[in-house]
Amino acid sequence: MLFKRLTGAKQIKKQEGVVAPPGQFVTEKWPVMTFDAPPRIELETWRFDIFGLVNQEKSLNWEEFMSLPKVTIDSEFHCVTQWSRLENTWEGVSFSEVMGLVDPKPEASHVMMHCFGGYTTNLALDVLLDDDVLFAYNHDGAPLDRDHGGPLRLVVPKKYAWKSAKWVNGIELMDRDRPGFWEQRGYHMEADPWKEERFGSFW
C-alpha cells in the first residue's frame with residue numbers, strides 16, 4: 001500500500017504563512033550531522049530486532065524487512081542545530097506496520113531505538129504510532145547513503161532530527177521513559193521543534 005502525507009511545516013505554511021518552527025532557517029541542503037563515523041553495515045548479516053515488553057520477540061533479516069508493505073511520505077525535517085529542510089520524500093515501512101509483527105504487553109508505553117554503532121534515542125510509543133512515522137531506506141527517490149543513515153533510518157517528522165535515528169536496527173519496548181544517547185547529554189526528552197525543546201529537560 002502506498003500513501004502520501006503532508007505534515008507539520010507544510011500545513012502551517014499554507015494556513016498561517018509560517019515557514020518553519022521558531023529559531024530555524026530553511027535550507028534545501030541536507031547537512032551530514034553525526035557524533036561518530038558512519039558504521040559499515042553488511043546487508044547479508046543485517047538484523048532488526050523487536051524486544052523488551054512484547055509477548056514474543058521478533059528478528060528480521062534485510063530481505064524479510066524489505067518484503068513488508070511500503071509507504072511513501074512527504075514531510076519536513078528539522079535539525080536541532082537550527083536548519084529545516086521542508087521538502088523531503090521518504091520511502092520505507094511505517095512504524096505501525098513493523099509493530100504489527102509483535103504483540104506488545106499492556107504496560108508498554110515507550111520505546112528505545114537501538115542502532116548500529118551504539119546510538120540510542122527514546123520516544124513515546126503513541127508518538128511513533130502516528131501515521132507519518134516510518135523506517136526509511138529511500139530519500140527523494142534514491143537509496144539512503146551511509147552518511148544519512150543508510151541502509152535504514154527512523155523518520156519522526158514532528159520531532160527534532162536526533163530522534164530520527166540513523167542506522168536503526170532495533171526497537172526496545174519499555175514501561176517508562178528512559179534517556180537515550182543525546183538525552184543523557186542534556187538534550188530534551190521530547191524534542192518538539194514547535195516548542196523549541198532543544199535542551200534542558202530532566203529525567
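Tutor: Gladly! Let's begin with His148, which has a relative accessible area of 9% and is buried. Keep in mind that we are looking at a predicted model.

Student: What makes His148 count as buried?

Tutor: Set the value against the cut-off: buried means under 20% relative accessible area. His148 has 9%, so the residue is called buried. As for its place in the chain, His148 sits in the loop between β9 (142-143) and β10 (153-155).

Student: Which residues is His148 in contact with, leaving aside its neighbours within four places in sequence?

Tutor: They are Trp30, Pro31, Val32, Arg153 and Lys166. Each is called a contact because heavy atoms lie within 4.5 Å.

Student: Why is Ser75 called buried?

Tutor: The reasoning is the one you have just seen: the cut-off is under 20%. Ser75 has 0% relative accessibility, so Ser75 counts as buried. This residue belongs to strand β4 (residues 71-78).

Student: What share of the contacts in the chain with a separation of 6 or more comes from residues 24 or more positions apart?

Tutor: That share is 69%. And for burial across the chain, 52% of its 203 residues count as buried.

Student: How do you know where empty space is left?

Tutor: A probe the size of a water molecule is rolled over the atoms, and this shows the empty space. Here, the largest pocket holds about 570 Å³ of space. Its lining has 28 residues, and those nearest the centre are Met33, Thr34, Phe35, Tyr119 and Trp182.

Student: What classes do the residues lining the largest pocket fall into?

Tutor: The lining has 19 nonpolar, six polar and three charged residues. Take Met33, one of those nearest the centre: Met is on the nonpolar list, so that is its class.

Student: What does pLDDT say about the chain, and where does it stay under 50?

Tutor: The average over the chain is 90, and 90% of the residues score at least 70. pLDDT stays under 50 over residues 1-6. Since pLDDT is the predictor's confidence on a scale from 0 to 100, treat the 22 contacts that the model has for residues 1-6 beyond four places in sequence as coming from a stretch under 50.

Methods:
Residues numbered from 1 in each chain as written. Predicted model: local features only at pLDDT ≥ 70, side-chain atom pairs only at ≥ 80, totals over all residues. Heavy atoms only, no water. 1 Å grid on protein atoms, 1.4 Å probe; cavity = no way out; pocket = protein on both sides within 12 Å on 5 of 7 lines; lining within 4 Å. Points joined across faces, edges and corners; volume = space filled by probe spheres on them. Buried < 20%, exposed > 50% of the residue type's maximum accessible area, 1.4 Å probe, protein only. Helix = DSSP H or I, 4+ residues; strand = E, 2+ residues; numbered from the N terminus.
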